Amino acid sequence: MNFYFKAEKLTVGYDNKPVVENIEFALQKGQVLTLIGPNGSGKSTVLKSIARQQKALGGDVYIGGEPLKRFRPRELARRVAVVLTERPKPELMTCEDVAAAGRYPYTGALGILSEADREKVRDALRTVNALDIKDRSFSEISDGQLQRVLLARAICQEPEIVVLDEPTSFLDIRYAVEILDTLRKMARERGTTVILSLHELQYARRVSDLVMCVKDGKVLCIDTPEAVFTKEVISRLYDLPEGYYEELFGL
Amino acid sequence: MRQQQQVTRRTRYIIVAIALLLLFAALVALNIGIGSVNISLGEIVSNLFSGSTNTPESDILHKVRLPRLFAGAILGGALALSGFLLQTFFNNPIAGPYVLGISSGAKLIVALVMVFVLSRGGTVSSATMIIAAFAGAMLSMGFVMLIARKVKRASVLIVSGVMIGYICSAITDFVVTFASDESIVNLHNWSQGSFSGTSWDDVGVMALVVFLASTLVFLLSKPIGAYQLGESYAQSVGVNIKAFRVALVLLSSVLCACVTAFAGPISFVGIAVPHLIKAFTKTAKPLLIIPLCFLGGAVFCLGCDLIARTAYAPVEMSVSSVSSLIGAPVVIYILAGKARK
């Protein structure tokens, strides 16, 4: 098997204090990996380290066999894009301006967009159904629209891997399902590898090829949704009392 | 509709740019033409084209008004850019070299150096002044950055900056008061903020420093733009955050130091100008904003200097008094606007 994106003995954390240790996974192009687990289990820290937003404490992540730390910032930005939980509040920027910020690794020294760049920005906005709001001010749109535009920004980076930290939080079901469908489509049609964290287990089951369960600084397991979404694994992961699992999944 | 939006944004920008250029030209003409000594238009024109002769009118033009004009334009632009960089750095619309105490820090060290050197009968070169001012600016900036690291609230940052400014000004006052008589005369005007007494040599040095720094700022347009979405997103598209932040601190301090070394602290230009430019052009794109900020700063300071020189002629007010009167209400307006949201 040709695994394009790998983590080996990866340990992540802050100031030499490990948060999650010994993470191992291997993904092919176009696969979707979802991190689930209780609040505070370290999912965000794992995602940040995978995107090199913070330094790994041990081990490394490999893209096409190259360790993450070997990449220059611009090269990395052409391969890995992120959608974070923080909500930027830029002044006087339209949704199109925000999406266009994703073209950064491709534009010249002054960041001037070419006509081809603009076309890519419009394509990205069309992909996430946000072309109609492109001239609206970014600070005045709803949470659902905001998440669409931030995803468009990531698509503009033409990444091989997209890392998303809880992209469906605060979204109503329509927007959430739409975002996940877009991610699935990117994975299938463009071969983009998608790594995300989710709170809603029903979404995780729907979107993932692989699911990683994170709890108490450890990776409990990493497996297919069929293997993970069993009473045993989920009850252990979230410390569910007897009977809750059946209720949750309507069994 | 889409085309129209594009056109209106662009048209707006062009109109603002042309208006600023016209204002700039008008203020240049007024600043040359108006002063405590009346010089006729004919004399001015013939003097400007024939070069320096030895008449008193020619001396006033060439040794007083023209260097002062250049100082106002160059240093005004520098202040506006310094403010723009600090607003980017702290992600705070009312950050500026004056409110954060950076101008006052620069003033303090320059005053110390001047008193020390003058009391030993030495003279202070403009390069020494700039270096001293830069050291002072970095000192205040260091304090402000320490506070910013501990406290995330924007208002706390500003209040701390204002307090640092007061402390530095108070120490400067002590130094000036206890200094020997002749140095006080030199120091007093300068420590209030004034473009008077600029020589051509000064103009040469400030032009060089400000030109280099401003060019670098312009070349940073791209990462500054990326930084508007926050540090994490900027990093994710390939901005080297550490290097970028160091560049912002150094450039804003150099620009502010240069202004303070030659003209003393001048208030509120750094906040008011970038804000007004963004409000008029309705864009925050650094590539577009940076040149207009410089031009706007020049216009603002030339206007303030004109008022400072002529309102109670022959007595001069400090430029800083005039710029406060115009700039401070802009700050209040920004704060009120933020509170409403």
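Predicted model: local features only at pLDDT ≥ 70, side-chain atom pairs only at ≥ 80, totals over all residues.

A: Strand E5 of chain A, residues 66-67, is joined to E4(A) by two bridges, and the two strands run antiparallel. One pair can be named: Tyr62(A) has Pro67(A) in E5(A) as its bridge partner. The two strands make a hairpin, with two residues between them. Gly64(A) sits in that turn and has a positive phi of about 55 degrees.

E4(A) has another antiparallel partner. Strand E4 covers residues 58-63 of chain A, and five bridges join it to strand E1, residues 5-14. Here Phe5(A) stands opposite Ile63(A) of E4(A).

Strands of a sheet pair through backbone hydrogen bonds, either parallel or antiparallel.

Now the six-stranded sheet. It is open, with the order E6-E7-E8-E3-E9-E10 in chain A, and its pairing is mixed. Its edges are strand E6 (80-83) and strand E10 (218-223) of chain A, each pairing on one side only. Neighbouring strands in this sheet are turned against each other by 15 degrees on average, direction ignored.

Strand E9 of chain A, residues 210-215, pairs with E10(A) over five bridges in the antiparallel sense. Within E10(A), Val219 stands opposite Val214(A).

Helix H5 of chain A, residues 143-156, lies across E6 and strand E7 (161-165). The helix runs at about 170 degrees to E6(A).

Step back to the whole chain. Chain A holds 10 helices and 10 strands. Its radius of gyration is 18 Å, close to the 18 Å that the globule rule gives for 251 residues, so chain A is as compact as a globular protein of that length. The C-alpha trace spans about 55 × 40 × 35 Å along its principal axes. Of the 251 residues of chain A, 42% count as buried. Take the contacts in chain A between residues at least 6 apart in sequence: 70% of them join residues at least 24 apart.

Chain A also touches chain B. That contact takes 25 residues from chain A and 20 residues from chain B. On the chain B side, helix H9 (221-227) and helix H10 (231-236) each supply at least two residues. The residues on that side of chain B divide into 11 polar, six nonpolar and three charged.

Methods. Residues numbered from 1 in each chain as written. Chains lettered and ligands numbered in written order. Contact = placed C-beta atoms within 7 Å. Helix = DSSP H or I, 4+ residues; strand = E, 2+ residues; numbered from the N terminus. Nonpolar A, V, L, I, M, F, W, Y, C, P; charged D, E, K, R; others polar. Rg over C-alpha atoms; globule rule 2.2 N^0.38 Å. Buried ≥ 20, exposed ≤ 12 C-beta atoms within 10 Å, placed from the backbone. Pairing = 2+ DSSP bridges. Axes fitted to C-alpha atoms, helices over the stretch in contact; angles between N-to-C directions.
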